[in-house]
Amino acid sequence: MRETWGMRTAYCVESVRGAERALMARVPEGALMQRAAAGLAVACGQLLGRVYGARVVLLVGSGDNGGDALYAGARLARRGAGVTAVLLDPGRVHGGGLAALRGAGGRVVDAVVGGEGRSGAGAGGGGDADSGGAGSGSGRGAGSGAAGFGSGSVGDVAEGALAVVGRAQLVVDGIVGIGGTGGLRPLAGRLVRAAQESGALIVSVDLPSGVDADTGQVRGDAVRADATVTFGAYKPGLLIDPAREHAGAVRLVDIGLDAELAAYDRDLEALQYVDVDRLLPVPTAESDKYRRGVVGIVAGSARYPGAAVLAVAGALRGGAGAVRYVGPAADAVIARFPEALVFDGPPAKAGRVQAWVAGPGLGDDAARLRDVVDAEVPVLIDADGLRLVDHAAVRARTAPTLLTPHAGEAAALLGVSRAEVEAARLDAVRELAARYGATVLLKGSTTLIAAPGGGAVRVNPTGTSWLATAGSGDVLSGLAGSLLAAGLGARDAGSVAAFLHGLAARLAAEGAPVGAQDVADAVPLAWRDVRG
Ligand SMILES: NC(=O)C1=CN([C@@H]2O[C@H](COP(=O)(O)OP(=O)(O)OC[C@H]3O[C@@H](n4cnc5c(N)ncnc54)[C@H](O)[C@@H]3O)[C@@H](O)[C@H]2O)[C@@H](O)CC1
Ligand SMILES: [K+]
């Protein structure tokens, strides 16, 4: 699973379109679409295993996304597949693509009654009531300028179209790509549901139709693909939940866009093994414990001594030379980790510290937290610390600050609901970083790290649902604080910690539940895996 290549990057639609325009001016007309279609056809062939004789259905929308699907379908038809295009908007379809498919022997049916498909209302049954989808939302009517989608009632779907979808081995989702807004329209939703129910493999072209490319939001019905073949660059939505869950395995097809994209700012970055390897603080011959960094941990309380132990456990595995625990759980910490330095007074009097972690299990100890926030070294604030902290004091800090909320804590900081944060993680993390003048690591299904000055948001690629276990956040804050003390900047410390933490959970879990202590114990394995 180890990848040897570097940073994965994602660009917003505006940048991708700009780069595409620049490239299109230099290459023959239609060349980019042919590159895209060729890559798509190869990926479909690999998923099918055997192309000759395979039953392939293309769901074709009104734009170039449908064009990609049609040209790829033509390539598959020339290799012997039985390819049928279902036109969702027969009045607006990519002409060249349609001609190519027909020329290669592909069939074409209309999705709506009155086209080439036989007419018949309500075939397939049962779907009408839930055609609005879970997201019920705002996006559904948006973009109703797309002729044929907003207007057609669900009952208008042609029986012939549903029947071919039901028999397909592979369904290619060319409904919408980067030109899409809002969720699937009812007609498309009906066909997609039929595909999903049939058990066919579903491959999305560029993006799963219905998701938001730039934010990862899903505002209505959206395709759930087994794989997505994306062109030129990843789009943020392919890397951020909830859209990411819809994409399946994502494959990037090079259409020659990289040189043009260099003129644009990245929207997202996902560190890979080699990037993390380069960032890990590895001691040299001259290192002593102070040069390697001392991390101070202000965590735990009489009620929650375990949070102190777990934060120290994370900190001991993060590369700092020493861990100094400050608080009332010193006995519990020493019993488990005799190598920790402990002190039960105010942090300001605790001795030398290069970075502080404050908050896990802290209870209501606002005084100790204030001491830490006033310190002129990097500070990580988590959990209870996020609830107690004086926001103006955070904004006034001059040394780096790293806030590590989960969605619920982020919601409280922003004054919105947890569901709103979960639905729009990228917006939430950017907004928090701007508002608090701090680097923010938003934990969850896709952990994101945003710096206060803007720039690319980091997305952690190693996350796993095994991390959804009590205390795992305490380990993460200790680990990230330790990396801060070892000299990493806040954005790097947060992203490297999230990477190691996710990897450690995977290595510890191996398919079975693990506790936070197991995750901490597996962090050295993750280091070795990265350095290996
Ligand atoms: N621009 C380029 O150079 C390339 C573009 N390519 C493909 O072109 C796509 C973009 O094509 P387009 O700009 O034509 O846009 P799309 O094909 O993504 O969308 C077409 C139209 O669908 C309508 N629409 C919007 N939301 C909808 C919804 N929820 N349901 C139904 N219809 C909706 C709109 O009228 C929109 O203009 C990319 O995603 C990619 O697949 C590739 O061929 C590679 C090269
Ligand atoms: K698509």
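Predicted model: local features only at pLDDT ≥ 70, side-chain atom pairs only at ≥ 80, totals over all residues.

Biologist: Fine. Which residues does the "binding site" annotation with Lys-443 cover?

Modeller: In UniProt, an unreviewed entry gives Lys-443, Gly-444, Ser-445, Thr-446, Thr-447 and Gly-473 under "binding site".

Biologist: And why say they gather at one spot?

Modeller: They span 31 residues in sequence, but no two of their C-alpha atoms are more than 14.0 Å apart, so they come together at one spot.

Biologist: Where does Ser-445 lie, and what does Ser-445 touch?

Modeller: Ser-445 is in the loop between β16 and β17 (448-450). Not counting residues up to four places away in sequence, Ser-445 touches Asp-241 and Gly-463.

Biologist: Is Thr-447 buried or exposed?

Modeller: Thr-447 is buried, because 27 other C-beta atoms lie within 10 Å and the cut-off for buried is 20 or more. Ser-445 has 17 other C-beta atoms within 10 Å, so it counts as partly exposed.

Biologist: Where is Thr-447, and what is it in contact with?

Modeller: Thr-447 also sits in the loop between β16 and β17. Leaving aside neighbours within four places in sequence, Thr-447 is in contact with Leu-441, Leu-442, Asn-460, Gly-463 and Ala-498.

Biologist: OK, switching topic. What does UniProt list for the "binding site" with Asn-65?

Modeller: That one, again from an unreviewed entry, lists Asn-65, Asp-173 and Ser-209. They span 145 residues in sequence, yet no two of their C-alpha atoms are more than 9.6 Å apart, so they gather at one spot.

Biologist: Where is Asn-65, and what does Asn-65 touch?

Modeller: Asn-65 is in helix α3 (residues 64-78). Not counting residues up to four places away in sequence, Asn-65 touches Gly-174, Ile-175, Val-176, Gly-177, Gly-179, Val-205 and Asp-206. With 26 C-beta neighbours inside 10 Å, Asn-65 counts as buried.

Biologist: What about Ser-209, buried or exposed?

Modeller: Buried, with 28 other C-beta atoms within 10 Å of Ser-209. Ser-209 lies in the loop between β6 (201-205) and β7 (227-231). Leaving aside neighbours within four places in sequence, the contacts of Ser-209 include Asp-173, Ile-175, Val-176 and Gly-180.

Biologist: Now the ligand. How many residues surround ligand 1, and which are the closest?

Modeller: 29 residues surround ligand 1, and the closest are Gly-63, Asp-64, Asn-65, Gly-177 and Gly-179. Elements giving two or more residues to the shell are α1 (13-24), α2 (31-48) and α3. The largest share, 4 residues, comes from α3.

Biologist: What is the shell around ligand 1 by class?

Modeller: The shell has 13 nonpolar, 11 polar and 5 charged residues.

Biologist: Let's look at α16. Which residues of α16 are buried?

Modeller: In helix α16 (residues 407-414), Ala-407, Glu-409, Ala-410 and Leu-413 are buried. Seen down the axis of α16, the buried residues fall within an arc of 160°, so they line one face of the helix.

Biologist: What do the buried residues of α16 pack against?

Modeller: They pack against α14 (384-388), α17 (418-423), α18 (425-436) and β16 (439-442). After α16 comes Gly-415, whose phi is positive, near 70°.

Biologist: And the largest nonpolar core, which residues touch the most other members?

Modeller: Of the 185 residues in that core, Leu-58, Val-86, Val-165, Val-172, Leu-191, Ile-297 and Val-312 touch the most other members. Helix α20 (residues 490-509) gives the largest share of this core, 11 residues.

Biologist: Last topic: which residues does UniProt list for the "domain: YjeF C-terminal"?

Modeller: The unreviewed entry lists residues 272-530. Over residues 272-530 the chain is 48% helix and 13% strand, and the end C-alpha atoms are 9 Å apart.

Biologist: Where is Gln-272?

Modeller: Gln-272 is in the loop between β9 (268-270) and α9 (273-279). Gln-272 and Thr-462 are 190 residues apart in sequence and 9.1 Å apart in space, C-alpha to C-alpha.

How values were computed: Residues numbered from 1 in each chain as written. Chains lettered and ligands numbered in written order. UniProt positions renumbered as here; feature names shortened; annotations may be inferred. Buried ≥ 20, exposed ≤ 12 C-beta atoms within 10 Å, placed from the backbone. Contact = placed C-beta atoms within 7 Å. Near = placed C-beta within 6 Å. Nonpolar A, V, L, I, M, F, W, Y, C, P; charged D, E, K, R; others polar. Arc of directions from axis to C-beta. Core = buried A, V, L, I, M, F, W, Y, C linked by C-beta atoms within 7 Å.
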